[in-house]
Amino acid sequence: MNAVRGLTLVSVAALALASLACAGTAGAKKDAPATEPSALESKLFAVFETDKGRFEARLFPKEAPKTVARFKESAESGRYDGAAFLRVIPDFLIQAGVLEASTDSASGLPIEVSAGTGFDRPGLLAMAAAGAQAHSGQFFVTLAAAPWLSGKNTLFGEVVAGIESVRAIASLPRLERDPATGAFIDKPLDAVAIRSVRIETR
């Protein structure tokens, strides 16, 4: 069984000290999102082009309006272009984004928790957290249910295509523990980046 690790914002210092909760199975049943938009309503998508392929996520502007608006603004400004995957854990998650909180002018959003939504399946897109606030510079995609994250991280989308690319990134060779401290860092050994994030309305 995987060790329990708590999910927080990754920073240069925290790469040596961070710990994550790692549980659940990759085979968790994937249910429909708790709140489906009307069939006639336009839907918002984020298309991620990475060094390991493309994946797409439908965003949840009703459940997390502030987070989706900030993510959309950041993506359209090119803020995530070239951002690295900072943490990869098979059967749990991949995490990417801006490394230094001090350079992130878009941090400081409150955690948005919508009734009826939770980390109950793979493929969920959410913001990393810094204490009681979301940090829009870093986000992650789950590869298993992670119910302990519910209420602690803002869930704002779900992968609808390209989950194989997410799994490929999660399976990259990584340095699981810091050699000096023994702390979990789960840092990829080879750099893998986001080439672009495109926002589409369909």
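Is D91 buried, partly exposed or exposed? D91 is partly exposed, with a relative accessible area of 37%. Here buried means under 20% relative accessible area, exposed means over 50%, and partly exposed lies in between (1.4 Å probe, protein chains only).

The structure is a predicted model, in which local features need pLDDT of at least 70 and side-chain atom pairs count only at pLDDT 80 or more, while totals for chains, interfaces and linings use all residues. Residues are numbered from 1 along each chain as its sequence is written, and side-chain values use heavy atoms, with hydrogens and water left out.

The chain contains two helices and eleven strands. Helices (H or I, at least four residues) and strands (E, at least two) are DSSP runs, numbered from the N terminus. Along the sequence, the order is β-β-α-β-β-β-β-β-β-α-β-β-β. The chain has 202 residues, and 50% of them count as buried. Contacts were defined by heavy atoms within 4.5 Å. Among contacts with a separation of 6 or more, 72% come from residues 24 or more positions apart.

Helix α1 spans residues 65-76. The expected span of a helix is 1.5 Å times one less than its number of residues. For the twelve residues of α1 this gives 16 Å, and the end C-alpha atoms are 16 Å apart, which agrees. Buried positions in α1 are T67, V68, F71, S74 and A75. These residues cover an arc of only 130° around the axis, so they sit on the same side of α1. The arc is that of the directions from the helix axis to the C-beta atoms. E73 and E76 are exposed, on the face of α1 turned away from its buried side. Just after α1, G78 takes a positive phi of about 80°.

Positive phi values also occur at two aspartates. D91 is not a glycine, yet its phi is positive, at about 65°. This residue lies in the loop between β3 (84-89) and β4 (93-97). D186, also a residue other than glycine, has a positive phi near 50°. D186 belongs to strand β10 (residues 184-188). Its relative accessibility is 0%, so D186 counts as buried.

Side chains of opposite charge can pair when their charged atoms come close. A salt bridge is defined as a side-chain nitrogen of Lys or Arg within 4 Å of a carboxyl oxygen of Asp or Glu. By this rule the count comes to ten salt bridges. One of them joins D186 and R174, with the closest N and O atoms 3.0 Å apart. D186 lies in strand β10 and R174 in strand β9 (residues 174-177), so the pair ties together parts that are twelve residues apart in sequence. R174 counts as partly exposed, at 25% relative accessibility.

A network of salt bridges links E49, R54, E56, R198, E200 and R202. Within it, E56 and R54 meet through their side chains at 4.0 Å, N to O. R54 is partly exposed, with a relative accessible area of 41%. E56 is buried, with a relative accessible area of 14%. E56 also forms a salt bridge with R202, where the closest N and O atoms are 3.0 Å apart. R202 lies in the segment after β11 (194-201) and E56 in strand β2 (residues 53-59), so this pair ties together parts that are 146 residues apart in sequence. R202 is partly exposed, with a relative accessible area of 44%.

A polar contact involves the side chains of Q95 and Q138, at 3.1 Å. Such a contact is a pair of N or O atoms within 3.5 Å; within protein, one must be able to donate a hydrogen and the other to accept it, and residues adjacent in sequence count only if both atoms are side-chain atoms. Q95 is placed in strand β4. With 0% relative accessibility, Q95 counts as buried.
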